[in-house]
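Here are my notes on the model you sent over. Could you keep the viewer open while you go through them?

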Amino acid sequence: MSDNPSDIRPVAESFLTEASKEGRGKLKIFLGAAPGVGKTYAMLQAAHERRNEGVDVVIGVVETHGRAETQKLLEGLDLMPRKKISYKNHEFEEMDLEAILARKPQLILVDELAHTNVPGSIHEKRYQDIEILLQNQIDVYTTVNIQHLESLNDVIQQITKIKVRETLPDHVLKSADEIELVDLPPKELIRRLSEGKVYVKDQARKAIRHFFSPSNLTALRELALRHTAEQVDDQMLLLMQQQAIKGPWPTRDRILVCIDDDSHSEDLVRTASRISARRRAPLIALYIETPSHYMLSDRKKEQIYKTFQLAENLGAETVTVSGRDKVSSVLEYARNRNVTQIVVGQKTRSRVMQFLKGSVTHNLIRKSGDIDIYVINSLSAEEKEKIPRKKIDFSLSLYGYIRSLIAFLIVSIAAFILSTFLNVDHDNLELIFLPAVIYSSLTCSLLPSIIISFLAPLTYDYFLGEPLFKLTMPLQSHFIIFSMLIATSVLLSNLAKRAKTQALSAEKKEQRTQALYTLSKEMAGAIHIDDVLAAIVVKLDSILNAETMILLPDENKKDLRVACPPEFEFDEKEHAASLWSYEHEEMAGKGTDTLASAERLYMPLRTQRGIVGILGIKTQELIALKDVDFRRLLEALAAQAALAIERAKLAEEMEEAIISKERESLRSILLSSISFDLKTPLISVIAAVSSLRKLDKKLDKQNKTDLIEIIHQDIDKLTRFISNLLEMIKIESGSVIPKMELIEIKSLLSHSLRKNRDLIEGYEVKENIENNLPLIKADFTMMTHVFSNLIENAVKYSARGSEIILHAKQVEGEVVVELRDKGISIPEDELEKVFDKFYRLRLTEEKIAGTGLGLSLCKAIVEAHDAKIRAMIPDDAEGGTIIQVTFPANLTRKIKMKA
Amino acid sequence: MNVAKKIRTLIVDDDAQLRKVLKIVLHALNHEVIEALNGKEAVEAASTENPDIIVLDLSLPDMESVDVISNIREWSKVPILVLSGEAEENDKLESLEKKADDFIVKPFQIDEFLERIKACLKYSSREAEEEPNVIKVGNLKVDVKNKHVTLDGNVITLTNKQYDLLKILSSHAGKVLTNKQLIRAISSETQQEDYFYLNNYIDQLRQKIEPTSESSVRVILEPNIGYRLVTAE
């Protein structure tokens with residue numbers, strides 16, 4: 001806007017632009033909408049004119065494409081020979097820049113400004129060549145089609161479906177001293193095309209046909225015209241700035257239309273839309289929500305909504321602003337948005353009302369400053385009749401009359417008492433009716449208070465004034481009292497009404513705030529996405545008095561599913577509406593223009609990062625969906641819900657990331673452990689086997705036996721490890737359930753020992769098993785695995801020759817089996833860790849393969865039986881470790897002693 | 001080699017099974033074997049037992065093996081052969097930088113192991129003597145005095161850099177040489193060649209000394225470490 005100093009300041013800058021142009025050649029561009037409009041022809045014509053003026057004109061490059069009339073124009077003009085450049089075995093001809101600079105003509109013609117030079121030329125682009133010419137004070141005439149303009153590239157592609165590859169930076173066109181638009185109506189151009197007068201490369205013929213459709217040409221022509229106009233506009237602006245002419249600079253318009261609650265607003269929006277289309281300016285439809293908005297009837301509110309819908313359909317931006325004063329709110333908003341024109345309707349108000357309330361339009365015009373105000377008066381006589389007269393609000397309940405009457409009676413009785421018993425001066429008693437009138441007009445409404453105002457003087461005269469029970473007072477004194485009371489009641493009732501309106505407005509706002517607050521409070525407690533969704537649905541149901549649901553996108557973000565409430569039935573129509581809403585990020589369904597036959601209104605739940613889901617609302621009243629207040633409340637709630645959903649989703653993703661990271665690290669530990677356990681025995685096996693193979697002659701018989709023994713031991717170790725590993729996998733995957741059978745402890749233990757007789761050789765194994773032990777319920781094979789592992793461990797961690805004690809006993813119904821070695825003790829703080837998978841005790845300096853899995857497998861098996869296992873340090877001084885397996889009472893069965 | 005004198009070999013590894021295998025084999029080859037289970041024992045044995053060669057595992061339970069090497073290197077030039085796991089790439093290089101003589105990756109074939117032992121012993125015993133005038137590796141002869149190289153009796157001409165490379169490789173035949181050592185051997189004081197060029201020179205050298213795939217000598221790449229000249233069998 002013109003008030004903006006920054007628009008005036010660039011004066012210095014514009015001088016600079018001008019200065020930089022001094023000492024340069026002048027650039028004239030012949031701009032066309034499409035090939036074939038006759039740019040080259042126009043350029044050559046202009047060149048001839050200049051030559052006739054005595055200017056030294058030379059042709060740098062001109063493509064005549066074999067057109068006879070163009071070819072003819074070449075005659076009489078100096079033609080610069082072209083330079084031959086070979087590239088990829090082809091010879092190309094390009095403009096010979098050096099030759100031209102040497103020749104130094106006053107004016108040179110260079111066709112096709114957007115041309116790309118063959119690789120090997122001095123510059124990549126022709127406009128760079130032209131820049132050099134201009135710098136050398138040579139004037140240049142050139143031609144270009146609008147489709148080459150860089151900034152229009154995407155627009156052109158949209159229009160023509162053809163991607164233009166040779167683009168021209170906008171600044172080149174801007175830097176032109178003169179632009180001549182070479183215009184040809186589309187029909188004419190198409191005719192020329194069909195007559196073969198437009199040069200078209202063979203291979204592009206098909207594409208070109210599409211390009212030359214009337215609609216494309218019209219669009220391109222418009223672009224070219226507009227661009228030229230803009231350029232002229234800019235040049236004018238520059239000129240004005242140079243001459244220090246103060247704004248306004250209405251080169252870019254923005255139009256605002258103020259809408260109201262009547263149907264006239266729709267016409268207004270249409271008119272404004274036409275203005276904006278003509279000026280190619282964006283349109284904003286603005287509604288100012290004053291406190292009285294809340295007093296509007298539903299019909300009026302729906303009208304506002306309809307007008308907004310229309311405005312949106314016409315491509316306008318719709319905005320609602322709260323404010324007390326329409327005029328100042330409109331202007332404030334308009335200034336913020338750099339609006340240049342405001343379109344308002346003419347309100348039909350009587351002159352008296354205008355005088356009393358002031359006309360919005362007049363005030364707007366008076367205060368608008370630089371902004372143009374368009375006042376549209378489109379009300380037909382017929383429409384005028386439709387507008388209901390503003391009525392005084394006589395509507396009230398019976399209750400109001402009764403209250404007023406009671407108040408009147410009370411004061412009447414009071415007056416009677418005062419005058420009869422207390423002899424209060426009658427002249428003062430008239431005032432006693434005033435409170436009744438005030439009360440009535442404040443709490444009830446106008447009509448009762450007017451009735452009281454009538455009754456008061458009469459009552460006073462009849463019941464209180466001397467002589468009693470006679471109307472004796474002169475008429476004018478009645479009239480004076482009467483009119484005073486009437487005036488009071490009218491004033492007060494108006495005041496009261498306004499206060500009520502404001503209170504209502506405040507109450508509505510309060511409700512909105514309250515609703516948002518409760519929603520956010522409700523959701524703050526919920527962390528998991530399902531809880532958040534449930535909280536939103538429950539809360540929205542109660543706030544909106546509607547049935548709400550939330551739909552979330554599936555993993556591919558292609559489809560939606562009902563996420564809450566979970567047991568929801570959803571038919572095809574609803575699905576379509578919700579999906580449309582999701583894909584277009586707009587409301588759809590009931591109450592909208594899209595798929596309105598759906599049962600619900602669907603509303604996108606959006607955050608800054610995008611759409612998170614769809615809110616579906618089912619409400620009984622259609623009106624509610626169209627109500628502006630309802631919509632606004634809904635939007636505010638939806639925004640909050642969207643944030644909460646997004647937050648929950650992010651939290652979920654983060655949690656998943658952490659879990660998968662942990663899983664990942666566990667897997668890598670597992671892998672390295674497994675590979676360690678597999679490899680260690682293999683190292684000695686490979687060394688031993690290769691010794692046997694390759695050093696056969698150097699080894700004696702004893703050596704060979706020893707090596708084979710080592711191999712045997714290592715392979716045994718490997719076998720155990722692998723069988724443990726497989727067992728573990730089976731149990732962990734849950735595919736193996738213990739096959740419960742009744743087992744005698746004694747046979748289980750002796751079986752386990754027998755299985756490991758190789759290992760325990762040289763150890764002193766003691767079995768201490770109580771008599772009459774109950775049987776246990778367990779899987780025999782699995783339990784053998786447990787005790788084999790325990791025996792193996794005991795052997796591994798104690799020296800050969802030491803004791804291994806197996807002890808089985810009964811303690812309070814439970815069967816406890818203990819296996820004790822007298823080797824190395826587990827440190828107290830590691831007693832529990834030994835059961836962790838791949839935990840390996842570093843109790844000895846030597847590597848002990850396989851220990852990483854054995855105990856954790858034992859634990860897994862034992863726990864699959866609902867039994868318990870733990871490690872203990874013996875309380876005597878002999879050291880070692882006790883592993884205790886406890887079978888609870890429900891896993892035991894007493895043996896019935898045979899008689 | 002003097003048969004009467006037994007070679008004293010110190011094996012440092014916490015894997016009892018492997019120690020047993022190596023002990024059996026080395027005994028059969030007339031070595032005297034000393035065992036150590038950890039770094040502490042290794043350092044102690046190295047100083048008290050006076051071993052001729054030390055076989056040292058790279059992952060010891062009590063201390064870093066590279067520390068064991070630097071500790072021993074403070075007072076002894078005894079050859080050290082490092083046993084490394086596949087995953088211990090960096091430790092391998094570090095141990096060589098700390099002046100271990102060579103390495104072998106577990107699991108290994110016994111003949112490979114014995115080759116390394118041999119190369120380590122040869123190199124250390126020769127260091128005491130004077131450098132020989134002619135180095136023989138397989139069919140390759142390098143006349144150090146006259147800078148004259150023959151392969152199967154045929155003269156091969158080498159550039160200075162190629163010759164320098166061949167000389168250091170052949171005088172340490174069987175033993176790994178790190179990229180750094182090789183670069184140092186072919187660079188002048190002022191001009192340090194980088195790894196890329198080394199690679200190039202090795203390729204050029206290979207073309208000359210291993211003309212067929214069945215050549216008797218070969219330059220083998222030890223990834224990320226360096227090269228080794230070996231005789232093919």
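The points below go from the interface to a few spots inside each chain.

1. Ground rules. This is a predicted model, so to speak of local features we need pLDDT of at least 70, side-chain atom pairs count only at pLDDT 80 or more, and totals for chains, interfaces and linings use all residues. Residues are numbered from 1 along each chain as its sequence is written, chains are lettered from A and ligands numbered from 1 in the order in which they are written, and side-chain values use heavy atoms, with hydrogens and water left out.

2. The interface overall. Chain A puts 25 residues into the contact and chain B puts in 26 residues, where contact means heavy atoms within 4.5 Å. The size of an interface is often given as the accessible area lost when the parts come together. Here the area buried between chain A and chain B is about 2,200 Å², and carbon and sulfur atoms give 62% of that. Buried area is the accessible area (1.4 Å probe) that two parts lose on being put together, summed over both.

3. Look for the side chains of Lys694(A) and Asp111(B), at 2.9 Å from N to O.

4. Who supplies chain A's side. Helix H25 (628–694) and helix H26 (701–733) of chain A each bring at least two residues to the side that touches chain B. H25(A) gives the largest share, 11 residues. Helices (H or I, at least four residues) and strands (E, at least two) are DSSP runs, numbered from the N terminus. Sorted by class, that side of chain A has 8 nonpolar, 6 polar and 11 charged residues. Ala, Val, Leu, Ile, Met, Phe, Trp, Tyr, Cys and Pro count as nonpolar, Asp, Glu, Lys and Arg as charged, and the others, Gly among them, as polar.

5. Strand E23 of chain A. Why is E23(A) (residues 814–821) largely enclosed by the rest of the structure? Because 7 of its 8 residues are buried, meaning under 20% relative accessible area, with exposed over 50% and partly exposed in between (1.4 Å probe, protein chains only). E23(A) pairs antiparallel with strand E22 (residues 803–811) of chain A over 8 bridges; strands pair if DSSP finds at least two bridges between them. Ala808(A) has Val817(A) as its bridge partner. In the hairpin of these two strands, with 2 residues between them, Glu812(A) takes a positive phi near 50 degrees.

6. Strand E25 of chain A. E23(A) also runs antiparallel to E25(A) (residues 881–887), with 7 bridges joining them. Val817(A) stands opposite Val885(A), and Leu819(A) is partnered with Ile883(A). Thr881(A), Ile883(A), Val885(A) and Phe887(A) point one way, Ile882(A), Gln884(A) and Thr886(A) the other, and all are buried. Strand E24 (residues 868–872) of chain A pairs antiparallel with E25(A) over 5 bridges, with Lys868(A) opposite Thr886(A).

7. Helix H13 of chain A. The buried residues of H13(A) (residues 326–336) are Val327(A), Ser329(A), Val330(A), Leu331(A), Tyr333(A) and Ala334(A). Their packing partners include strand E9 (255–259) and helix H15 (360–367) of chain A. After H13(A) comes Asn338(A), with a positive phi near 55 degrees.

8. Ile255(A). This residue is found in strand E9 of chain A and counts as buried at 0% relative accessibility. Among the residues it touches, leaving out those up to four places away in sequence, are Ile275(A), Pro282(A) and Val343(A).

9. Chain B. Its secondary structure comes to 8 helices and 12 strands, and 51% of its 233 residues count as buried. One spot to check is Ser76(B), in the loop between helix H3 (65–73) and strand E4 (80–84) of chain B. Ser76(B) is buried at 15% relative accessibility, and its side chain reaches the backbone nitrogen of Val78(B) at 2.9 Å.

Note on methods:
A salt bridge is a side-chain nitrogen of Lys or Arg within 4 Å of a carboxyl oxygen of Asp or Glu. A polar contact is a pair of N or O atoms within 3.5 Å; within protein, one must be able to donate a hydrogen and the other to accept it, and residues adjacent in sequence count only if both atoms are side-chain atoms.
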